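Hi,

Here is the structure I promised to pass on. Have a look first, and my notes on the charged pairs follow below.

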Amino acid sequence: MQRDVGSLPLSPALRARLLAAGFQTAQELLETGPCGLSKEIGISREEALEALQVVRQECAGDAAKTAGGSGSTRKCTALELLEEEQTQGFIITFCSALDNILGGGVQLTKITEICGAPGVGKTQLCMQLAVDVQIPECFGGVAGEAVFIDTEGSFMVDRAADIATACVRHCQLIAEAHQEEDHLQALETFSLESILSHIYYFRCRDYIELLAQVYLLPDFLSEHSKVRLVVIDGIAFPFRHDFEDLSLRTRLLNGLAQQLIIIANDHKSAVVLTNQMTTRFGQNQSMLVPALGESWGHAATVRLIFHWDNTQRLATLYKSPSQKESTIPYNITTFHLLKSFKIIKLRASGLPRCAASTCHPKCRRY
Amino acid sequence: MATKKLRRAKLSQELCERLSRYQITTCQDFLCLSLLELMKVTGESYRNVQKLLRKVSLACAPKMQTAYEMKVRRSINPSAAFLPTSLHSLDKVLHGGIPCGSLTELTSPPGCGKTQFCITMSVLATLPVSMGGLDGAVIYIDTESAFSAERLIEIAGNRFPTYFDSDEKLFCMTRSIHLYRELTCDSVLKRIKSLEEEIISKKIKLIIIDSVASVVRKEFDTKLQGNLAERSNFLARGASLLKYVAEEFSIPVILTNQITTSLSNGLAIPADLVSPAHDLSLSEVTGASGSGKKESACVTAALGNTWSHSVNTRLILQYHDLLTRQIVIAKSPVAPFSTFFYTVEKSGLVLQVIHS
């Protein structure tokens, strides 16, 4: 009630007028009433009423916060957070070595960034994750939907369909091996059509469309509350050309990062971004570093770098608050399984293929 | 979309006039401002500014489609998703051929057959759908003056002798290949910008640019300061225009590139700079100064890292021995690494099977 007039979210012109007229606290405004306010400042009665409604809403929100209710800030103890984190699901990638170094898979409510040279497999992993997020809970998944924002045009529907078919087949094998009721029930709704219909695809051609889409994303996620994964494939591409003003670019990227963090937390979804690599010329060597500059490195919580070593693809966990830095090899495969089915999935080289009986460690039944 | 004027974003007239006083006329200007700046400029409260942001975003944001809708649309017209190259093993691995709606790059040292491949693809695009073509016209942007109409007729006549049995059919085919000779970067960019209208008026189904690298490397010398950034800018702008056109009309775009040797002069090239499809056969050359410092070199596609990110599919042509060459799929969202051997004959490229 004692809130200063200058801190209220009114339009600047109105604020300036109120301060010039000598109003100091919100209490004074509420006491004056709309008619008195309109006469004193010289605005219409409707405008005065609108301003008072804003003030009243702000004060009500403040009161709720001081009373300890849930406002825009959350208070909880570390124990509550621990319990929440332990029950939280991961989005598995079907490559157990990759899931291991990530600590179980791609985490919800966190931003994960995947950097890599062209052709190394970033889009493949994103398509895999968009399918894996939909795995029903009885198979160890989070049963969510996916939003795929594509800035480079590298999303191939046929490939996504192949990955989805493989995933369905994998779950069918598990169900056949264990013959449980809820498995068979879940499989009825888990099909190729349902997987593809729950991948919401946006094609953004430049950075303005990307910014606009991210502004609209909270509304979209409120309508589609089952979304658990937001993929932005190619966050670097629209920002890397035609930008003379680098400080504007940094500001827009920071704003984007903040909005994505809010989205990840409020809607309990994972945000996955892919970044490009750029060459940095140092004194002794030229090396590949993630694009978009140093300050962008702070945006993501977890950073994975995909690179080559001769003919082997490697994934390095570069930044993570909870896991150790490590590197694992991986392959992108396609091979035949059971006559006409092709299973295409990321698979750690050297480790045995995921057999139905020794499934992913997250499937607690096995 | 970014240059959309605000009055078409359904903002009120007086608001647009007020904003134009601050030089904010397009959606791009509006969305680049922070919330506080927007409040100052529009004179609205915090809540109203957020509502305005949402309105402007709605005007700019892309439409949503589910992956299922995309698949259904593709399955209605399966032949429109790829342009078969008539090299059967290559087509099988590529799930049909050169994909429509994305950029395909062809890289090779000189003389391997890039232009031959491009000429063959031009012939294929004019064939009717029943024979695996796209039944449309072709735009061929030639920067090296390497296109030869006689070779075009030779390939057409030898590859499809039963179809091109009369002169009439040959002339019909040649009439639908539109050749443009562009010799500078600016003219190439201008030509790319004019593509949208040409595609609609001439019913184009394939765009070929042969070659991007020659015109870019003529004009930009990356050792001079500032040229690297300008070159990347030009390439990125060209790439995004071509991608827009390719996706909008769902047609394939083929670009050709050159090979460059990147010498590092004593600096070690980290192994993750190049993918295994690049030829490392020139590595480990000792330095000319004789100081014993190793000067490793490797052969990569020209035009830099950023360009490599822009193209969706990359095919590399290389020499295998005196007569045979090989084609390597270096980057593709649907195909793994594969190698095929071929020779260049009268009828164009012909796949060979090498028994070791």
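**Salt bridges**

In chain A, the side chains of A:E84 and A:K268 come together in a salt bridge, with N to O at 3.5 Å. A:E84 sits in helix α4 (residues 78–87) and A:K268 in the loop between α11 (246–266) and β7 (270–275), so this pair ties together parts of chain A that are 184 residues apart in sequence. A:E84 is partly exposed, at 30% relative accessibility. A:K268 is partly exposed too, with a relative accessible area of 37%. Bear in mind that this is a predicted model.

Now over to chain B. There, B:E154 and B:R151 form a salt bridge, and their closest N and O atoms are 3.1 Å apart. Both residues lie in helix α8 (residues 149–159) of chain B, 3 residues apart, which is about one turn of the helix. B:E154, at 31%, counts as partly exposed.

Another pair in chain B is B:K169 with B:D165, where the closest N and O atoms are 3.8 Å apart. B:D165 is exposed, at 54% relative accessibility, while B:K169 is partly exposed, at 32%.

Which residues of chain B are linked in a network of salt bridges? They are B:E182, B:R191, B:E198 and B:K202.

Over all chains, the count comes to 12 salt bridges.

Cheers

Note on methods:
Residues numbered from 1 in each chain as written. Chains lettered and ligands numbered in written order. Predicted model: local features only at pLDDT ≥ 70, side-chain atom pairs only at ≥ 80, totals over all residues. Heavy atoms only, no water. Salt bridge = Lys/Arg side-chain N within 4 Å of Asp/Glu carboxyl O. Helix = DSSP H or I, 4+ residues; strand = E, 2+ residues; numbered from the N terminus. Buried < 20%, exposed > 50% of the residue type's maximum accessible area, 1.4 Å probe, protein only.
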